[in-house]
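Try each task before reading its solution.

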2 protein chains.
Amino acid sequence: MNLTPALARLVQELGRLPGIGEKTATRLALFILNADRSYVENLAEAIWAVKAETTLCQECFGLAEGDLCPICRDPQRSEESVCVVEGPADLLSVDRVHEYRGRYHVLHGVLAPLDGIGPDELKIAPLLERLKRGHTREVIIATNPTVEGEATALYLARLIKPLGIRVSRIAHGIPMGGDVEYVDAVTLGRAIEGRREM
Amino acid sequence: MNLTPALARLVQELGRLPGIGEKTATRLALFILNADRSYVENLAEAIWAVKAETTLCQECFGLAEGDLCPICRDPQRSEESVCVVEGPADLLSVDRVHEYRGRYHVLHGVLAPLDGIGPDELKIAPLLERLKRGHTREVIIATNPTVEGEATALYLARLIKPLGIRVSRIAHGIPMGGDVEYVDAVTLGRAIEGRREM
């Protein structure tokens, strides 16, 4: 393609974003080229700022600006319940549900001994410190249903239960709107295992 | 969602890009947040630069850096054939085909009297100037098959033919891989109208 150097470069950089192929990158680049100068400035500035201004919350290790994240600063959110997630994106997904009004703890990964990721590489020690303060009655573990996620959940449960805190795991089963006929065997197995009396 | 202000702003700015909804914007923003500092700098810089460095080619009004675009500077590309398109994105699409080795002329719009866009708002006068230099034997009109695109094609044909230059219109019909059963009636009508003897 006969793109100008600046355009080719932008297409290349945009193409590194997840889920953005060359065609979409070209469309976005042309949009940016034709957009108002003010939008382009805002976009470039926002990209810069997110990297410069975002910190980790000192309490839950979620994304913050400054010491504490909006959730840990919110007096309406209760420390009685702490939901443990793998990453900041998981926190946002869970929090989008609005059913949960407790707090979070972000591990920043899962146990993966083969990749050299042990408990010390994760935010597990600060979680235990936090729980020992005694405000928490339940820990909900929302790591992903992968081998590593399950292992991490078991590991955490074993550490937390002796503190006299209830530990639960989010349910796995057939997604709402899903079809028993087409769902995979592992999910179906988990759905049967996790059946509840009606 | 409990996004930090910087993240919320980036999600908002990314969400204005075409085809990027809130969920995708959030995913992209988190990717940018976690990306290498060098990538983030390059991306912001490239967005800036594309706006600052891109000009219009003084010959064909395609995208350029400096006076002439890469195509008009290429001595291998022949001025014998000029393909007229609506916008720079159309030029890139046509040029992706590699079958065409002539040059282009970008109108930067189509005639739309109701929106106050007449011939003077488009790059029609420079096109005629260019053709009067006498190097061109054929003009291929590749405006879109919309009412305005068709009207613009007819208008141009009427201006160009008196110069003794052949004027052609790209073919419209059933796309390759398309299905006669499912194609819309207007396209099918054009396909029959444009039939060729075998």
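Helices (H or I, at least four residues) and strands (E, at least two) are DSSP runs, numbered from the N terminus. This is a predicted model, in which local features need pLDDT of at least 70, side-chain atom pairs count only at pLDDT 80 or more, and totals for chains, interfaces and linings use all residues. Residues are numbered from 1 along each chain as its sequence is written, chains are lettered from A and ligands numbered from 1 in the order in which they are written, and side-chain values use heavy atoms, with hydrogens and water left out.

**Exercise 1. Find where E41(A) and R37(A) lie, and say how their side chains meet.**

Solution. Start with the helix: both residues belong to α3 (residues 37–53) of chain A. They are four residues apart, about one turn of the helix. Next, look at the side chains, which meet in a salt bridge (3.9 Å, N to O). The term stands for a side-chain nitrogen of Lys or Arg within 4 Å of a carboxyl oxygen of Asp or Glu. Over all chains, a search of the whole structure finds 22 salt bridges.

**Exercise 2. Work out the strand order of the open sheet in chain A.**

Solution. Two strands pair if DSSP finds at least two bridges between them. Now take one pair: β3 (residues 78–85) and β5 (residues 138–141) of chain A are joined in the parallel sense over four bridges. Within this pair, V84(A) has I141(A) as its bridge partner in β5(A).

**Exercise 3. Describe the interface of chain B and chain A.**

Solution. First count residues in contact (heavy atoms within 4.5 Å): chain B gives 54 residues and chain A gives 54 residues. Then take the buried area, meaning the accessible area (1.4 Å probe) that two parts lose on being put together, summed over both. Here that area is about 5300 Å², with 71% from carbon and sulfur atoms. On the chain B side, N2(B), I47(B) and K51(B) lose the most area to chain A, together 13% of what that side buries. Finally, check charges: the rule finds two salt bridges across the interface. E45(B) and R9(A) meet through their side chains in a salt bridge at 3.4 Å, N to O. The largest share of the chain B side, 16 residues, comes from α3(B).

Methods:
Contact = heavy atoms within 4.5 Å.
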